[in-house]
Amino acid sequence: MKNKMKYGFLTILILSVSFISLLAQNHKYILRYGADAESGAPYVFQDPKDPKHLIGFEVDLINAIAEDLGMKAVHVQNEWDGLIMGMERNDYDIAINGLEITPDREEKVNFSIPYYLTYEQIAIRRDQEGINTLSDLIGKKVGTLNNSLAERILRAKGGIDVRGYTDEDKSYNDLEYGRLDAVLIDQPVALYYAGWNPQLKLTGQPIGEISYGIVLRKSDTLLLNKINRSIEKLKKSGKLRTILEKWNLWNFMMESYLDDHTESNDPHTAYQEYLATQGQTTTFMTLMKRYISFLPMFGEAALVTLSISIVAMLVAVFVGLIVVLLRVYAPNPLSKLATLYIETIRGTPLLVQLYFIYYALPVIPYIGVRISPFVAAVLGLGLNYAAYEAENYRAGLFSVPRGQMEAAISLGMTRNQALRHIILPQAFRFVIPPMTNDFISLLKDSSLVSVITMVELTRVYNQIGATYFDYLGPGILVAVIYLLIGLPFIRLARVAERKYTYDKRKIIKR
Amino acid sequence: MKLEIDDSQSYLQGDNNIISIKDLQKYFQKTHVLKSINLQVNKGDLVSIIGRSGCGKTTLLRCMNCLEVFDSGTIRIAGITLSRARTEAEVSRDIRNRTGKIRKNLKSPFRKPDEDTELDEDFHIKSQILRTRVGMLFQNLNLFPHLNVLENVVKAPIIVKGESHEQSVHRAVQLLDKVGLKDFIKRYPYQLSGGQAQRVAIARALAMSPHVMMYDEPTSALDPELVEEVLQVMRTLHEEGMTQIVVTHAMYFAKTASDTVIYMEDGKIVESGPPEKIFSNPRDYRTKQYLSSIKE
Ligand SMILES: Nc1ncnc2c1ncn2[C@@H]1O[C@H](COP(=O)(O)OP(=O)(O)OP(=O)(O)O)[C@@H](O)[C@H]1O
Ligand SMILES: [Mg+2]
């Protein structure tokens, strides 16, 4: 018996040690890189032929670097605006996504040596004339990417009506529809989003000088050195040029940066493939086939949406109960605090709360904890809805006539007994229908968690829309999926309502 | 802590007063609602309290059950003695400090009966025990709507007295039989007539084996033809020796069924005595006035 226990203990020890070392190893060999794959051509983007697969010149580059370092590169999705924030949160180790090396960024993070040099490119409509330089843009509505170098150049110039976008494809859309007079974005973006479009044209001389670098945390100097050495190797071996040629990104700046002035005769295979998928007329059949190919992605995303919503609702139901009990029954400081909580939550946007939990909470000294996007999403939604559930419960409690409490007390029950056995069960019945309604709202509000890197239904819809420049079909698809998810809960609400409203029950005929 | 609870039930022997109230005073904010009430009730008596609307009948019952906390005086009911002595000055000072809170509490359905005034632990515990010994019936029908008839009756014995389920069900069925509702145990309150609901409420109170039953206008919410079935239950209990106090507007019941009739006016007991005397030969002119006013 004793021996058995010993063996058992040993086995557990060995297993756990090997498991831990496995974890450690895994961690050592994986290089997590943050990038925004949404409308991210030609950097990091979804392959139009297979949206689950990421391609782009930076994907090729980071794979080459990882291979050189004996690591495996793994992509982590985040909004381009939040890439550095996400790295500070340790959601990933590095960020590579056309991040320009600028002095103010260098104060916060480390940059590798540049892996690509380029410039800002003006795009206008085919029929427009007379816009060639930065000065020509004064007094015009000009679109660009938020927080990009192009935006800073435009603002520094002064007198330009700058419109910031988070998705580059939408800025070119607006240009095409006449909502903008011009778009100024990095040349690769212009090439991939406007270059092929017969309605648009690229114009003027190169503006500014941009160098992209890989972003690392200030503390990760060891990794920085390794990556720099890798980039040097890729430069020397010609591998970097091969990658850029493949994507048609080899330019005069790179020629002098690599001191390689040989003639280029590359067929630009990746660029050509990309062009082939753009602007082509799709038949009904291919469209249908494409939509069907979306279904697995939408299915996965629907599961994410559903699990976030359910867990968040559970959080809301329990936290809400605690809050209402504090508010109604606790002595003063506590009950005031509960009221404060409810009013704060209800008085501020859910979006702000999500950002706060995800980005601000981890950096608070001492108490800050890093939480995964899922936990942040569930907490954000759950704590928000807890305030509404608390109010819902309160309405439920007040719906119970006062005579009920008195009747219970005069039967000798204590207040707590009366609450538990008489008041709460009645309040509960009152609370069920609005609670199910809240769940359906929560299901829809869960689309907001896409801002904290959760890939759920709305996010997938946006990704697919941006990849295929098609928001119509996928839009109908995603609407149907939301409705289908919500439907069982709407029915459940009806059933619960019927089951729990005793005073509407039919009188038993005898 | 020393509780002055007489558990020997010696008051049950002999002709001890089961209820004895001395100089009871009660204020609602600034209104003086009960003005020195003195009252003795013998074990097994049925006492009717009559009087104009607003004279303080409900308040008196609620004070006897500690649903309202009286301000001064002494009440001794079923072996439990409660006494307080707050002067008028204290009461009005208290009111000034607490009007805001009171206003808030009035809106809340969970106002503790004793929330407006500070009470010692001793008083709390004693009033709790007192309520288990006094059964109370309200004017409005307040059965627990989410429970069926049987559950309504067994709930309190199970959770307050810790009785076993079988034990309390057994007794509940007996009590429901007594009030004539044995066949209704699976029904829900909304499936009952007003009279049936009040009879269930009586059974519910009896399930706690109270020493005293108090009723606040138990029939005033009922259709006239349903009144008698409730009153009949009270007559039966009277025959069995239950001490009962009834606030009522049903004069013929007060006249025929009660041992003592009490006439209240303006927070005071004006006159009390056997029904024949009160109804046919009242001493006080106010009683006379009242009785002649309701005859018209
Ligand atoms: N919670 C309260 N707050 C303030 N005043 C009250 C409260 N309850 C009763 N009162 C007042 O106390 C007085 C006595 O009321 P009470 O309900 O005891 O009268 P009642 O004799 O039962 O009348 P009715 O026959 O109409 O039921 C009334 O003037 C009433 O307005
Ligand atoms: Mg009354």
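The model is predicted, so to speak of local features a pLDDT of at least 70 is needed, side-chain atom pairs count only at pLDDT 80 or more, and totals for chains, interfaces and linings use all residues. Residues are numbered from 1 along each chain as its sequence is written, chains are lettered from A and ligands numbered from 1 in the order in which they are written, and side-chain values use heavy atoms, leaving out hydrogens and water.

**Around ligand 1**

- The shell around ligand 1, meaning residues with a heavy atom within 4 Å of it, includes Phe28(B), Arg52(B), Thr58(B) and His249(B).
- That shell divides into 3 nonpolar, 6 polar and 3 charged residues; here Ala, Val, Leu, Ile, Met, Phe, Trp, Tyr, Cys and Pro count as nonpolar, Asp, Glu, Lys and Arg as charged, and the others, Gly among them, as polar.
- Helix α1 (residues 57-64) of chain B gives the largest share of the shell, 3 residues; helices are DSSP runs of H or I with at least four residues, strands are E runs of at least two, and both are numbered from the N terminus.
- Oxygen atoms of ligand 1 lie 2.5 Å from a side-chain N or O atom of Ser53(B) and 2.8 Å from one of Lys57(B).
- For Glu217(B), the corresponding distance from a ligand oxygen to a side-chain N or O atom is 3.4 Å.
- Glu217(B) sits in the loop between β7 (212-216) and α7 (224-239) of chain B, and its phi is positive, near 40°, though it is not a glycine.
- With a relative accessible area of 13%, Glu217(B) is buried (buried is under 20%, exposed over 50%, partly exposed in between, using a 1.4 Å probe and protein chains only).

**Helix α18 of chain A**

- This helix (residues 457-468) has 12 residues and reaches 17 Å from first to last C-alpha, close to the expected 16 Å, where the expected span is 1.5 Å times one less than the number of residues.
- Of its 12 residues, 9 are buried, among them Leu457(A), Ile464(A) and Tyr468(A).
- Phe469(A), with a positive phi near 50°, follows α18(A).

**Backbone spots in chain A**

- Most residues other than glycine have a negative phi, and most peptide bonds are trans.
- The peptide bond from Ala41(A) to Pro42(A) is cis, with omega near -5°, and Pro42(A) lies in the loop between β1 (30-35) and β2 (45-47).
- Asn248(A) has a positive phi of about 60° and is partly exposed, at 22% relative accessibility.

Methods:
Polar contact = N/O pair within 3.5 Å; in protein donor to acceptor, adjacent residues only side chain to side chain.
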